[in-house]
Amino acid sequence: MDIAWTALALSLKVAAWATALNLLLGIGTGYLLARTRFPGRDLLDAILTLPMVMPPTVLGYYLLVLLGRRGTFGIWLQEHFGINLIFTWQGAVIAATIVAFPLVFKPARAAFEAVDGQLEQAARVLGISELAIFFRVTLPLAWRGILAGVLLGFVRALGEFGATLMVAGSIPGKTQTLSVAVYEAVQAGQDEVANKLVLITSLVCIVVLLAAGKLAPGRIVHK
Amino acid sequence: MQLDLDIRATLRSGKRSFDLHVQCTSASQRIAVYGPSGAGKSMTLKAIAGLFTPDAGHIRLNGRTLFDSKAGINLAPQQRNVAYLFQDYALFPHLTVRQNVGFGLARGWFNPRAREKLAKVEHWLGAFGLQELAHQYPDELSGGQRQRVALARALVAEPAALLLDEPFAALDPALRVSMRLELSQWQQRLGVPMILITHDPEDARILGEHVLYLRDGRIDTVADNQHEVKIG
């Protein structure tokens, strides 16, 4: 298969996994930060936001130190499960997940905070259990805001470059994602390949952003 | 209705603190807690519903203990079998009128479906003249219609008591008068006991059989059938 399509397929796979992980992590963290109060909540929020402001290469270096052959977590994974994440597409998933995480949990937190707590109280008095309230009241009302963040996180994961290159490297057909392939193509002077890759990337990003724009939080629109 | 209330709570916000100590027993079907804003009316009503936990005391409704700090009893709001009418009605904006009314009857993880017609729900929609509006969403309704939906939603589970938080504050004066009469008639027809909190003397006069005057977190006077009685 053409190198561009291979890279696109890999990018989509990595971004899809990262988005699935962030959907769970982002909703969980966003809800926790929005609905509970505990000491250090603001500090936790700040730490979780770090991947958004730190250079991806720095983040990649952290991951390399942590997950690498000499890293504490890397050694543990190797010894107990025989898993090595460095230079694998799963490693790229972890890098993309962390980089995109703030874009998912922040809107999720805001969306949960925007849900009127009185509606949850009303459901409580009507006899509905806490877990059912989450699925019947809180989540449906916060859903659009969450989804907008999830789509942004997907695009961010799709375009991830710095941390991915540090952790997963650039093995064609194995860990070479679209954005890494663009860099390699330009480095090698293959302008034709680069143009094709850039065009594909731009189109995918525009489509997703249009979808995200349609879902921007606002007035509830009925089906 | 047998209401036995004795609750204490202290709330602090910065340097200010507020002491609530409400003690009363009543056998009336129509209790009105009347007082200026900030007197602790909402807190008292929320304590009965289980939405606010007092520091100490007890709450008994029809012989059932809902809260007793000494015995370590504090039933969750879900277990109290009371209905609560919020000041701005707290209708679920993502559900239709029919789904809102049927909300408490669906106990699982899913909301009632928009097309599902339960006999009980249809009965209350009919009783409140809401059948024409059954497929509409709360933001498409007028204030009076919203209140009827909230009442239907509250009554469909046949609660032991109906708690009303300033039920007419959000309505314009003309509508307030007619809704007040409507609520009064409904209460008499259904015989459902109600506890109402209000800062409007007209509400207390028309809907209150037993009126507790609350001021600065304490019951100041109790009026029974318009005979005022001072308590110590």
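**Notebook: chains A and B**

I began at F87(A), which sits in the loop between α4 (72-81) and α5 (89-113) of chain A. Helices here are DSSP runs of H or I with at least four residues, strands are E runs of at least two, and both are numbered from the N terminus. The model is predicted: local features need pLDDT of at least 70, side-chain atom pairs count only at pLDDT 80 or more, and totals for chains, interfaces and linings use all residues. Residues are numbered from 1 along each chain as its sequence is written, while chains are lettered from A and ligands numbered from 1 in the order in which they are written.

I looked up phi for F87(A). It is near 60°, a positive value in a residue other than glycine. The cut-offs: buried means 20 or more other C-beta atoms within 10 Å of a residue's own, exposed means 12 or fewer, and partly exposed lies in between, with C-beta atoms placed from the backbone.

Then I went to Y89(B), in the loop between β7 (82-85) and α2 (97-102) of chain B. Its phi is near 75°, again positive in a residue other than glycine. Y89(B) has 23 C-beta neighbours inside 10 Å, so it counts as buried.

I counted residues in contact, that is, with backbone-placed C-beta atoms within 7 Å. Chain A gives 18 residues and chain B gives 20 residues. On the chain A side, α6 (117-125) and α7 (130-159) are the elements that give two or more residues. By class, that side has 11 nonpolar, five polar and two charged residues. Nonpolar covers Ala, Val, Leu, Ile, Met, Phe, Trp, Tyr, Cys and Pro; charged covers Asp, Glu, Lys and Arg; the others, Gly among them, are polar.

I took a second look at α6(A). Its buried residues are Q121(A), A122(A), A123(A), R124(A) and V125(A). They pack against α7 of chain A, together with α1 and β7 of chain B. After α6(A) comes G127(A), with a positive phi near 95°.

**Chain B overall**

I found six helices and 12 strands in chain B. Its radius of gyration is 18 Å, close to the 17 Å that the globule rule gives for 232 residues, so chain B is as compact as a globular protein of that length. The radius is taken over C-alpha atoms, and the rule is 2.2 Å times the number of residues to the power 0.38. The C-alpha atoms fill a box of roughly 55 × 40 × 35 Å along the principal axes. Of the 232 residues, 41% count as buried. Among contacts in chain B with a separation of 6 or more, 65% come from residues 24 or more positions apart.

**Strands of chain B**

I followed β10 (residues 210-215). Strands pair if DSSP finds at least two bridges between them. β3 (residues 30-34) runs parallel to β10(B), joined by four bridges. There, A32(B) stands opposite V211(B). β11 (residues 218-224) pairs with β10(B) in the antiparallel sense over six bridges. L214(B) has I219(B) as its bridge partner in β11(B). Two residues lie between the strands of this hairpin, where D216(B) takes a positive phi near 50°.

I ended at T53(B), in the loop between α1 (41-49) and β4 (56-61) of chain B. T53(B) is exposed, with 12 other C-beta atoms within 10 Å. Its C-alpha atom is 8.3 Å from that of A9(B), 44 residues apart along the chain.

Note on methods
Contact = placed C-beta atoms within 7 Å.
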